[in-house]
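Please go through the strands, helices and aromatic rings of the following entry.

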Amino acid sequence: MTRGGKPALLCCALSLIAVCAPVEKTAVVPAAPPPVDWDARIAAADALYAGGHYAALKDARDIYEEALAVPECRAAVSEKFVRSAVALDLREKELGILPGKPARDLAAFVAADPALAAYASWLELLSGLPNKIKGSPGIEQTGGRSLEALSDWARARVPDLDKKLEERARTDDLAAALRLALRATYFFKFQDQLAPKMYVEAHPGSRLAAFQAAVSPSIEPDQLEALLALDPEFSEAHYYLGEAALLAGKLLTAERHYLAVHERIPGSLSVLISLAKVAFQVEEIESCLEWNEKALTLLPTYRDALLGKGLSLSYLGRKEEALAVLGRLLELGTYYIGEAYYWTAWNLNELERLEEARRAIESAKVRLVGVSDVATLSGIVAYRQGRLDDAEKDLREALDIEPSESDAAYYLGKLYADRRDWLNSGIYFAGAALSLEDKAKSMEKKIEEIEASEMAPERKARLVVKKRVQILSVQATKATCQYNGAAGYHNAGSFDRALDLARLAAAHPSFAEKAAELIKLIRERLPAAGKYGRPDPMIPTSFLSHLECGLCGERLDADKLWNLCPKCGKPLLVRYDLDAARAGLMRESLAGREPTMWRYRELLPVRDDAFKLCLGEGFTPLFRAARLEREVMHNGLYIKDEGLNPTGSFKARGLAAAVSRAFELGVKAVSIPTAGNAGCAMSAYASLAGLEAHVFMPADVPRPFINECRVLGARVTLIDGLITDCGKAAREGIDKYGRFDVSTLKEPYRIEGKKTMGYEVAEQMGWTLPDVIIYPTGGGTGLVGMWKAFGEMEKLGWIGPKRPRMVTVQSDGCAPIVKAFYENKEFAEPWPNARTIADGIRVPAAVGDFLILRALRESGGTAVAVPDAAILEATYLMGKTSGIWPAPEGGATLAAFLRLRKDGWIRDDESVILFNTGNGAKYSHIWD
């Protein structure tokens, strides 16, 4: 190669290297993001803040916080950031949302800026408002104070903080919202009441103020609906609407609202636990378990969710898992310890780990005092361990607490059968069957509610099937109890009751053959006297115990003649040995008895049937007034027609009992002041017993009353004046001739006859009671008697604790009880110049006024005075729509109903009984 070739070769090589070497790429510089239009962003945040709902407040706070990082925006948004953070924190507390880890220390931020100094007290207030997580979440993760610390803080700081907010709340809607929340939480610190409406009016258009006013101190559904109408995104309104629906017993409505808020605010523990509780109540246990587990994901120490999960697992048969969850609840301590021990014992009993179950239930008894379920389970465990004395004590205690506790009665039946105490075995098996029958009826009603509900068809069908299966199980257990009860009674020689139960057991396919054999055996041994031809010899004719003053409580011998209490001069009340009655008397034994008030003879005061005076009084019709319902547009209106009693009024009941007992105690002459019907009734029963009857009537009483008394053999004295004047005239004869005074509540026994109206209402309504009873009130014996009957029936285990609201109706021309009720007095003042077309309620002064007022107040009832014109109009309306001829006193009850329904005191869906106390034919002077 020549010299000249080398440079050329080198040149080629360099060229090749240059070609093969990687080409250096030019770096790509990303395009600069467009500048943020902070004015627009802040304006958007302002609009979100004004929106006022949770999601909007959260977004607004986040935007303001971003803007704080921009120096030129900081001054403009600092206060807005603080306000949005405060509003959001308040809303999270209302909804039971756990506090998140803040991006910045709000208290330090406020402290660092003198312009924000006024907000320091607001932050202190927020720290003192508890997070409203439902139930007992514990304070470990909720950022709360202990109860003691909270109490100390409230005592020291709440009044001062409220004072600081008072002035600013007039012009600042957030301050108004904070003050409403403070007042609602610590209401007990203030004597004055704050009207939320004032802040709504002070801040028109403010959704912060509107929302807080709608939930503080009480839930206002209309206002919440209005917020949703303005903005469907106001999801938290659904939570409180759900709470209102739940309180009203509308489970599905509540569920719909809870689901609506959960969809948009899934972090609310209160919503999750509410959904769990709704699921539990509609018996969707798997769903209940899921909701509780979601809550525990957010807060593992949430006691309500742990207990709910433990219960769900127990019901699903996952007992070991349930024990683990309940053990965790016990480890955490403080809350629901008694419940955790109870369900631990329940699962251990199911697993037959009886000694462990015994220890757990003993721990539960220490913490859950007076709970029937605890006493029942303790008794069951004791029975299964062979500790029969302990079992008897616990099971009896359970029935003392809750007479309808079927499991306690069932195991007592078994226990007494083991001891060969056949009578008690029969009694308790029969009681268990009765409770199970009520349970089955309650389930049937639940099915009706499910089928009438708006839930999805497949869900509805699933729940109905589940309930039907439960009913079949209850019916099988009921039949077992009926058969065992029949066997117990048969072995004890109580054949009437044995036959009753055996026939009931025979209706169940599983017991048809066995029960038929038992029935045959019983019939062979049944006395020739026949069923109900005589009282059951093993049940006393009356469980009468003693007399007791209705005011001072003085106890007196029931087998001596008494009028008023010798100590204080107030009415005496008859008391019975209800413990013995509950053990020896079943409500199902009433079936087939005579259709008079004496079907309840064991709970009436006549000891010897030979002195029982009966003209067929009582067991009057209770019927649904369908045409009247349509006329007044109310569903559930009933009339109890007392005009079908002997002598044409409800007075027959009271005088039958009073004269019978006086007859039994040796009285020869009876005396009464009367406006008419009571005198007729006394005359009738006195004639039956052959007693002298002395009747004192106002001279203006309609002639039919006077004539009836005279025809019945009474000596009638007419007095110029009112019934009170008649009472004075009667007293002279009582003192001078030794006649026995049977005036209203001036002897103990009239009230006993009248109380049978309460027993009949319960029996005729399937041992349930109506929501409202409206009663025309003169002396008030009937109203007081029914209230007494309801208490007796609950102690007998025939009904539960539900009571109707009792309503007294009087004429506005004679309304002493109404006046005393609204003046909140214990006793009524005599009514001057009493006048009304309804003679039966023209009673200016009632000796039992305090008993009437007590019954009204204990029942949550009321008192109404109506004018005679309204009484007359309502009497005609009742007559033309019901087929009965009511007395004006009966018409007065309809007039009162119309008034109360119009005022909203009676709701459209409430059952109401109107008492027509007499036959209108006796009031011919009114109709002419």
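**Strands, helices and rings**

Q: Is strand β12 (residues 862-866) largely enclosed or left open, and how many of its residues are buried?
A: The model is predicted: local features need pLDDT of at least 70, side-chain atom pairs count only at pLDDT 80 or more, and totals for chains, interfaces and linings use all residues. Residues are numbered from 1 along each chain as its sequence is written, and side-chain values use heavy atoms, without hydrogens and water. Buried means under 20% relative accessible area, exposed over 50% and partly exposed in between, with a 1.4 Å probe and protein chains only. Strand β12 is largely enclosed by the rest of the structure because its buried residues number 4 of the 5.

Q: Which residue of β12 is the bridge partner of serine 811?
A: Strands are DSSP runs (E, at least two residues), as are helices (H or I, at least four), numbered from the N terminus; two strands pair if DSSP finds at least two bridges between them. Strand β11 (residues 805-811) pairs with β12 in the parallel sense over 5 bridges. In β12, the partner of serine 811 is valine 866.

Q: Which strands stand at the edges of the open sheet of 4 strands?
A: The order in this sheet is β8-β7-β6-β9, with parallel pairing. Strand β7 (residues 692-698) is joined to β8 by 5 bridges, and proline 698 has isoleucine 719 in β8 as its bridge partner. Two strands have a single partner each, so one side of each lacks a neighbour in the sheet: β8 (715-719) and β9 (740-741).

Q: How are helices α34 and α36 oriented to each other?
A: The axes, lines fitted to C-alpha atoms over the stretch in contact, have angles from 0 to 180 degrees between N-to-C directions. For α34 (residues 781-796) and α36 (residues 849-858) they come within 9 Å and cross at roughly 50°. Angles under 35 degrees count as roughly parallel, over 145 as roughly antiparallel, 65 to 115 as roughly perpendicular and the rest as oblique. The two helices, α34 and α36, are therefore oblique.

Q: What is the angle between the planes of tyrosine 315 and tryptophan 343?
A: Rings of Phe, Tyr and Trp (its six-membered ring) pair if their centres lie within 6.5 Å; planes under 30 degrees apart count as stacked, over 60 as edge-to-face and the rest as tilted. The whole structure has 28 aromatic pairs. Tyrosine 315 and tryptophan 343 form a tilted one, 5.7 Å centre to centre, with an angle between the planes of 50°.
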